[in-house]
Amino acid sequence: MTDSLPDAEVVRLVLAGDRESFAILVERYQHAFAAYAINMTGTPDDAADVIQESLVRAFRFLNRCQDPANFKAWLFRIVSNQCKTYVTRGARRRTLPLEAGAEVTAPDDPAHEASVADLQRRVRRALLDLPTDQREALLLKYVEGLSLPEMAEVLNVSVPALKMRLLRGRENLRDKLEGLLAWDPQNPVI
Amino acid sequence: MGSSEPGDLSRYLDGELSKADLPEHLRQEAEAFERIIGSLDRGPAKLPRSVRGAVMERVRAIPAPWWRRAWTWFATPRPLRLSPLHGTLALAALIAVLLVALPKPQAGPQTSTGVRVATRFIYLEPNATRVSVTGEFANWDPAGIPMRRGADGNWVAEIDLPPGLHHYVFVVDGTRWAPDPNASSQVDDGFGLKNSVLLVTGSRSS
């Protein structure tokens with residue numbers, strides 16, 4: 001089964017002219033960065049557009065993938081760049097809320113209002129209000145689980161600069177979510 | 001500008017300190033932050049739709065490189081029906097073309113595809129064991145066009161290029177892609193690095 005081929009072998013096949021084999025990589029990775037793209041762009045549909053664009057770009061420039069065995073990491077760099085491009089070009093679309101009425105305020109009655117989904121919606125909304133570089137850093141570190149050196153490689157930024165982005169991002173997020181920081185979803189009753 | 005986040009908390013959240021090393025009040029702050037940011041982990045793990053069909057449709061629409069199309073054309077067996085008359089004419093035409101073309105290998109920068117300008121690429125990297133230059137003119141092949149080493153640590157290559165804008169980078173030791181520090185401009189390559197930009201005009205460039 002070609003679907004079990006390692007990434008490096010699939011890349012080799014595609015570069016040799018078998019472009020249909022690229023579908024293996026699409027199938028393998030189209031959902032891998034969904035959560036990251038959704039959190040960066042703000043909506044699942046926009047995330048799908050970004051992932052689609054990233055995969056097409058990966059195909060066009062596949063011969064620039066220097067380490068085909070590490071195709072996933074290379075693709076993630078493209079997704080990350082495409083998310084930033086999307087956010088920069090499509091800033092006007094950010095005026096559309098993730099969900100209508102999702103305001104970033106502390107719930108009046110946590111026992112009734114504060115579900116995990118509600119918390120998630122508020123945090124996403126707050127993230128969308130952060131500067132792109134801070135949002136990107138927070139997502140890579142705390143959602144994707146990358147280490148600082150891994151982030152530095154993906155973003156082509158020094159570790160000290162990343163630490164500063166993370167610090168500013170955390171502080172901004174705290175400011176926007178001040179009322180939620182004291183709230184425990186495991187024990188929502190005040 | 002000062003920070004309101006205590007240093008130990010920053011170090012923990014940067015992954016440089018274990019939670020056990022935090023005092024109790026900072027541990028609670030750390031857990032509060034992790035709870036908030038951790039809620040995003042429960043986000044949808046899948047896109048709302050498969051993009052496979054759309055991606056592959058666009059992939060199929062991208063033209064293959066000219067050399068691959070040419071090779072496919074040449075390598076594909078096809079029946080050839082030729083009358084003796086046409087065969088003789090074709091052979092005569094081929095011989096005529098060879099007679100005209102072969103004596104003029106040093107015809108200068110004019111080629112059948114138009115003007116090409118001898119362009120010199122120079123990159124200073126005394127510690128490299130090999131350096132090549134790649135770009136659109138080399139189909140972004142990582143192997144690129146090998147450069148020769150000069151006595152002063154400079155690597156040099158001369159390539160005939162058509163006039164116009166060319167994007168390029170140097171590939172150091174086969175792994176590191178480096179833009180030209182002496183290029184007049186750089187552009188994002190879409191992968192987090194920079195491509196250098198060269199404008200080739202009608203005369204020799206470097």
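The reply below treats the contact between the chains and then some elements of each chain.

Mentor: This is a predicted model, in which local features need pLDDT of at least 70 and side-chain atom pairs count only at pLDDT 80 or more, whereas totals for chains, interfaces and linings use all residues. Residues are numbered from 1 along each chain as its sequence is written, chains are lettered from A and ligands numbered from 1 in the order in which they are written, and side-chain values use heavy atoms, with hydrogens and water left out.

The contact (heavy atoms within 4.5 Å) draws 63 residues from chain A and 54 residues from chain B. Between the two chains an area of about 5,300 Å² is buried, and carbon and sulfur atoms give 56% of that area; buried area is the accessible area (1.4 Å probe) that two parts lose on being put together, summed over both. Of the area that chain A buries against chain B, 13% is supplied by Arg19(A), Arg64(A) and Gln66(A), more than by any other three residues.

Arg64(A) also takes part in a salt bridge with Asp189(B), at 3.4 Å from N to O. The rule, which asks for a side-chain nitrogen of Lys or Arg within 4 Å of a carboxyl oxygen of Asp or Glu, finds 10 salt bridges across this interface. There are also 21 residue pairs in polar contact across the interface, both residues being at pLDDT 80 or more. A polar contact is a pair of N or O atoms within 3.5 Å; within protein, one must be able to donate a hydrogen and the other to accept it, and residues adjacent in sequence count only if both atoms are side-chain atoms.

The elements of chain A that give two or more residues to the side touching chain B include helix 3 (34–41), helix 4 (44–60) and helix 10 (159–176). Helices (H or I, at least four residues) and strands (E, at least two) are DSSP runs, numbered from the N terminus. Helix 4 of chain A gives the most to this side, with 13 residues. By class, the side of chain A that touches chain B has 35 nonpolar, 10 polar and 18 charged residues. Here Ala, Val, Leu, Ile, Met, Phe, Trp, Tyr, Cys and Pro count as nonpolar, Asp, Glu, Lys and Arg as charged, and the others, Gly among them, as polar.

Helix 10 of chain A contains Arg170(A). Arg170(A) counts as buried because its relative accessibility is 0%; buried means under 20% relative accessible area, exposed over 50%, and partly exposed in between (1.4 Å probe, protein chains only).

Helix 3 of chain A is mostly covered, 8 of its 8 residues being buried. Among them are Tyr36(A), Asn39(A) and Met40(A). The cover over the buried residues of helix 3 includes helix 4, helix 5, helix 7 and helix 8 of chain A. Just after helix 3, Gly42(A) has a positive phi of about 105 degrees.

In chain B, strand 4 (residues 131–135) is likewise mostly covered, with 5 of its 5 residues buried. Val131(B), Val133(B) and Gly135(B) point one way from strand 4, while Ser132(B) and Thr134(B) point the other way. Strand 4 pairs with strand 8 (residues 164–172) of chain B in the antiparallel sense over 5 bridges, where two strands pair if DSSP finds at least two bridges between them.
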